[in-house]
Amino acid sequence: MATRLPEAPKVGMVSLGCPKNLVDSERILTKLRSDGYAMSADYAGADVVLVNTCGFLDSAKEESLEAIGEAIAENGRVIVTGCMGKEAEVIRARFPNVLAVTGAHQYEEVVGAVHDAAPMPPNAFLNLVPEGGLKLTPRHYSYLKISEGCNHRCSFCIIPALRGDLVSRRPDAILREAEKLVEAGTQELLVISQDTSAYGVDIRKEPRMWKGAEVVPHMTDLARELGKIAPWVRLHYVYPYPHVDQVIPLRAEGLILPYLDIPFQHAAPSVLRTMRRPANEAKVLERLRNWRSIAPDITIRSTFVVGFPGETEEDFQYLLDWLDEAQLDRVGAFRFEPVEGAAANDLPGAVPEEVKEERYARIMEKTAAISAAKLQAKIGRTLEVIIDEVDGDGANARSQADAPEIDGTVFLRDAGHLKQGDIVKVALEDADEHDLYGAPLA
């Protein structure tokens, strides 16, 4: 006689914010799935809904509150976690019916709240989870978080208040996770943290054994080992400290992608000082020239804030002139937005909103022109790309210069025979301001 298994409770998830939050969501879902819970793709089928919030900007907080409200309206049984969990009183004042509120990367607390809200019937046959864990990204790329928190105290940022000081993961634990991800189909590892270049400063004297050799918890050593595991390794959120120079030869050797995501935020010395940026004395332009001499194809992406308190027209023009010289490949810009609890809110010299908009338009025009010229120079070249999506006879891909969702796309024709996750050579035929067009080589 067949045994009828009890039906597992279903959990829905709304994940907001940055890739670091996405990794938290994946870890929570992996733990819940290993406990036997099923996943629901919609509100109606869920016994409880998790909302993983973002609290970095006031606009992000409002988006999180709207998501909580929608989940309550559509389902009614809601657990809140993530960065905005630090403001539990705000959440409960607006939504007194939420079942629980937990903070960022408080995995045990949020999983415990799910167990309380939707108890799991005991049955060993339900406790199944894929070896690589559950993922919210496509199978062929994965975010790999190497640390939590941040030691910097930038005046516009409240991340240390939300996530605490830097806490680095053991290098052997990171490498073990990377191996599992690659064994499960990952082709590209995207290394993330609040400050990837600071990895290991808290555990520098604690090397770990990996494959019969010691691995020092340092960005360079970790990157070298990751490059032996995955076909593509991409580093995000790197500050331009002098020791980053040691990583550039790894790009030349093909161990990691020739790509660096460096959040410069500004270039004018006076603005960097009021921002309290840790790299405000670095000779960044000289460092960029040196990096390009070692790895000529290196791609530098960055983000900048316009309209920071006290930013003058001279400061902004300094930034535009700096961009002309720096020739960054990928750039995002943001208008300054006060965040509750940030020191920058008390700075004098607030920039009017209309001036922020005008400066934002100018920096985007400047960086789009630089990007267009750089992409035009690639026409006629052959590049290696990874396939993100195949649709009929065409495909959407990314080059080594393109991180998913934030950079450009390589649109391919005559690519219907390829599949997601393939890494292939393509001939480039055309370009616009942000994207490339081409065809796979025979």
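In the predicted model, helix α1 meets helix α4 through Asp24, Arg27, Ile28, Lys31 and Leu32 on the α1 side and Tyr107, Val110, Val111 and Val114 on the α4 side. By class, the residues of this contact divide into six nonpolar, no polar and three charged. The axes of α1 and α4 come within 10 Å and cross at roughly 45°. This angle makes α1 oblique to α4, and the crossing is right-handed.

Helix α4 spans residues 107–117, and its buried residues are Val110, Val111, Ala113, Val114 and Ala117. These residues lie on the same side of α4, because they cover an arc of only 155° around the axis. Glu108 and Asp116, on the other side of α4, are exposed. The packing partners of the buried residues include helix α1 (19–34). The strands β1 (10–15), β3 (48–53), β4 (78–82) and β5 (100–101) also pack against the buried residues of α4.

A second pair of helices is formed by α6 (residues 171–183) and α7 (residues 219–227), whose axes come within 10 Å and cross at roughly 25°. Angles under 35 degrees count as roughly parallel, and α6 and α7 are therefore roughly parallel to each other. The crossing in which α6 passes α7 is right-handed. From α6, the residues in contact are Pro171, Ile174, Leu175 and Ala178, and they meet Leu222, Glu225 and Leu226 from α7. This contact consists of six nonpolar, no polar and one charged residues.

Backbone geometry was also examined at two loop positions. Most residues other than glycine have a negative phi. Arg276, in contrast, has a positive phi, near 60°. Arg276 is located in the loop that runs between α9 (269–275) and α10 (284–294). With a relative accessible area of 45%, Arg276 is partly exposed. Glu405 is not a glycine either, and its phi is positive, near 75°. The loop that holds Glu405 lies between β17 (394–399) and β18 (410–412). Residues over 50% relative accessible area count as exposed, and Glu405, at 74%, therefore falls in the exposed class.

Note on methods:
Residues are numbered from 1 along each chain as its sequence is written. This is a predicted model: local features need pLDDT of at least 70, side-chain atom pairs count only at pLDDT 80 or more; totals for chains, interfaces and linings use all residues. Side-chain values use heavy atoms; hydrogens and water are left out. Axes are lines fitted to C-alpha atoms, for helices over the stretch in contact, and angles run from 0 to 180 degrees between N-to-C directions. Helices (H or I, at least four residues) and strands (E, at least two) are DSSP runs, numbered from the N terminus. Angles under 35 degrees count as roughly parallel, over 145 as roughly antiparallel, 65 to 115 as roughly perpendicular and the rest as oblique. A crossing is left-handed if the near helix is turned anticlockwise from the far one by less than a right angle, and right-handed if clockwise. Contact means heavy atoms within 4.5 Å. Ala, Val, Leu, Ile, Met, Phe, Trp, Tyr, Cys and Pro count as nonpolar, Asp, Glu, Lys and Arg as charged, and the others, Gly among them, as polar. Buried means under 20% relative accessible area, exposed over 50%, partly exposed in between (1.4 Å probe, protein chains only). The arc is that of the directions from the helix axis to the C-beta atoms.
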